[in-house]
Amino acid sequence: MRVLIIGGGMAGWTLAGHLLRAGITPTLIERVSEYSRVGFCIGLYPFSAGTLRPTGAYEGYVDQSLPVTTYTMCDGHGEVMQQMSFSEVLGRIQGFMGMLQRADLLDLLREGGDGARAAMGMSVTGLQQEDDVVHVTFSDGSTGDFDVVLACDGIHSATRAMLIGSSEAGLTDWGFTAFTWWTPRQDAVADGVVEYWGAGGLFGLYPLPDRINAIAGMPTPVGLGSMSQEQVVAAVREHFQGYPEPVQEALAHASDGTVFPWAMIDQKADRWIHGRVALVGDAATGFLPTAGVGASNAIKSAQVLADELGRADASAVPLALSLWEQRARPKVEANQAASRTLAKMMFVKGSTVAKARDLMLKHYPVDKVAKDVVKSNTEPW
Ligand SMILES: Cc1cc2nc3c(=O)[nH]c(=O)nc-3n(C[C@H](O)[C@H](O)[C@H](O)COP(=O)(O)OP(=O)(O)OC[C@H]3O[C@@H](n4cnc5c(N)ncnc54)[C@H](O)[C@@H]3O)c2cc1C
């Protein structure tokens with residue numbers, strides 16, 4: 001089967017690794033000519049981490065991750081509203097949840113996909129479907145024919161734009177930006193995630209083995225695009241003044257390196273399948289980071305797709321795509337809904353609404369809000 005994967009991120013390399021093991025050698029093209037180490041922390045839920053086993057990436061994932069033991073939710077003054085033992089939840093669902101740097105996870109997935117025909121610095125400029133073949137034109141002017149094209153080119157998918165004629169359709173801007181940077185480890189955040197939910201702000205500390213990823217979510221400042229790093233750091237510090245000590249310590253390190261603004265945008269494509277072209281991962285359903293489940297869904301969905309394609313021949317591609325969509329889409333969209341519910345609770349602006357939310361959260365555990373994420377581990381895909 002002739003398979004083209006567009007985009008070498010989480011979903012693309014997962015597909016490559018699993019297709020190779022199913023006896024299919026895919027072609028994978030990636031727009032950037034060289035991967036940088038851009039990106040911060042990624043946590044994988046067990047339903048997704050388990051898919052790393054057949055490609056040999058699992059051991060590296062466990063070695064390079066910090067196991068997440070607890071989740072602590074505080075209000076903006078530091079009062080604990082909820083504390084949850086991840087080991088207890090994970091005991092129920094049998095698995096390991098670790099947090100590692102995105103670039104390290106990508107390296108592991110790429111090693112698993114070693115053997116694919118990969119081309120860096122390449123994109124697609126034309127797609128034309130005819131009967132049972134997709135004619136593709138590449139950015140270097142070359143062409144190729146494929147039985148199936150899998151678009152794993154991320155939340156702003158150019159392939160999706162090409163298919164539906166719009167680069168904006170399906171995108172939702174939540175009006176918030178998460179500013180993120182690395183900060184040294186602190187005793188207050190040993191090996192658990194700690195979040196401070198304030199009014200109009202959320203500050204999270206996500207530990208890795210050697211450092212912490214600080215994420216400060218706040219309404220997108222006016223004129224952000226033209227702000228200097230110094231102005232960004234000053235705006236974030238001002239917004240979170242009055243938050244407790246661990247936040248202040250992380251803020252003190254905001255000027256050590258680069259603070260990266262991450263627009264809180266998600267995406268829901270109406271269609272995942274267009275003939276023999278499928279949208280996969282964020283290109284199909286792009287996540288807010290609020291439930292920390294975006295990469296898990298992209299990886300798991302890609303593995304399910306490789307499973308279906310691995311059992312099909314070229315003539316059965318449409319059926320394989322349809323079976324994949326039936327297995328993956330309800331789960332992925334339920335998890336996206338959980339991320340959105342959490343976003344609505346996190347991104348409240350007024351202090352009265354925040355107080356009402358805090359009262360409710362003292363009695364309503366967050367794993368109940370995100371129950372579909374837990375179910376993704378206990379129900380078949
Ligand atoms: C640089 C970067 C940093 C990130 N940092 C974090 C983070 O710190 N924490 C977190 O939770 N999530 C992060 N994410 C998002 C997270 O990795 C994804 O949401 C998730 O893993 C979904 O995976 P995906 O494979 O669908 O998309 P992605 O992992 O985003 O991969 C898409 C890939 O497609 C490539 N691409 C884009 N357009 C084209 C094109 N036209 N032709 C060919 N290739 C193309 C991109 O360069 C990228 O390699 C980051 C994503 C990126 C791209």
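Reader: How do the residues of the shell around the ligand divide into nonpolar, polar and charged?
Author: There are 14 nonpolar, nine polar and five charged residues in that shell. Here Ala, Val, Leu, Ile, Met, Phe, Trp, Tyr, Cys and Pro count as nonpolar, Asp, Glu, Lys and Arg as charged, and the others, Gly among them, as polar. Keep in mind that this is a predicted model: local features need pLDDT of at least 70, side-chain atom pairs count only at pLDDT 80 or more, and totals for chains, interfaces and linings use all residues. Residues are numbered from 1 along each chain as its sequence is written.

Reader: How many residues surround the ligand, and which are the closest?
Author: The ligand is surrounded by 28 residues. Gly7, Gly9, Gly39, Phe40 and Gly281 are the closest.

Reader: What is alanine 306 in contact with, leaving aside its neighbours within four places in sequence?
Author: Leu15, His18, Leu19 and Ala22. Contact means C-beta atoms, placed from the backbone, within 7 Å. Leucine 19 is 287 residues away from alanine 306 along the chain, yet their C-alpha atoms are separated by 5.4 Å.

Reader: Now E2. What order do the strands have in the open sheet of six?
Author: The order is E8-E2-E1-E12-E19-E18, with mixed pairing. Two strands pair if DSSP finds at least two bridges between them. Strand E8 (117-120) and strand E18 (273-274) are the edge strands, each pairing on one side only.

Reader: Do E2 and E8 pair in the parallel or antiparallel sense?
Author: Parallel, over four bridges. Isoleucine 29 stands opposite alanine 119 in E8.

Reader: And what is the order in the open sheet of eight strands?
Author: That one runs E6-E5-E14-E15-E16-E13-E17-E20, again with mixed pairing. Strand E6 (80-85) and strand E20 (285-286) stand at the edges with a single partner strand each, so one side of each has no neighbour in the sheet. Strand E5 (residues 70-75) is parallel to strand E14 (residues 193-197), joined by five bridges. Tyrosine 71 has valine 193 in E14 as its bridge partner.

Reader: Switching to helix H8. Which residues are buried there?
Author: In H8 (residues 245-252), Pro246, Val247, Ala250 and Leu251 are buried. They cover an arc of only 140 degrees around the axis, so they sit on the same side of H8. That arc is taken over the directions from the helix axis to the C-beta atoms. Glu245 and Ala252, on the other side of H8, are exposed.

Reader: What covers the buried residues of H8?
Author: The cover includes strand E13 (171-183), E14, strand E15 (202-207), strand E16 (212-219) and helix H7 (229-239).

Reader: Last one. How many helices and strands are in the protein chain?
Author: The chain has 13 helices and 20 strands. Buried residues make up 48% of its 381 residues.

Definitions and conventions. Near = placed C-beta within 6 Å. Helix = DSSP H or I, 4+ residues; strand = E, 2+ residues; numbered from the N terminus. Buried ≥ 20, exposed ≤ 12 C-beta atoms within 10 Å, placed from the backbone. Contact = placed C-beta atoms within 7 Å.
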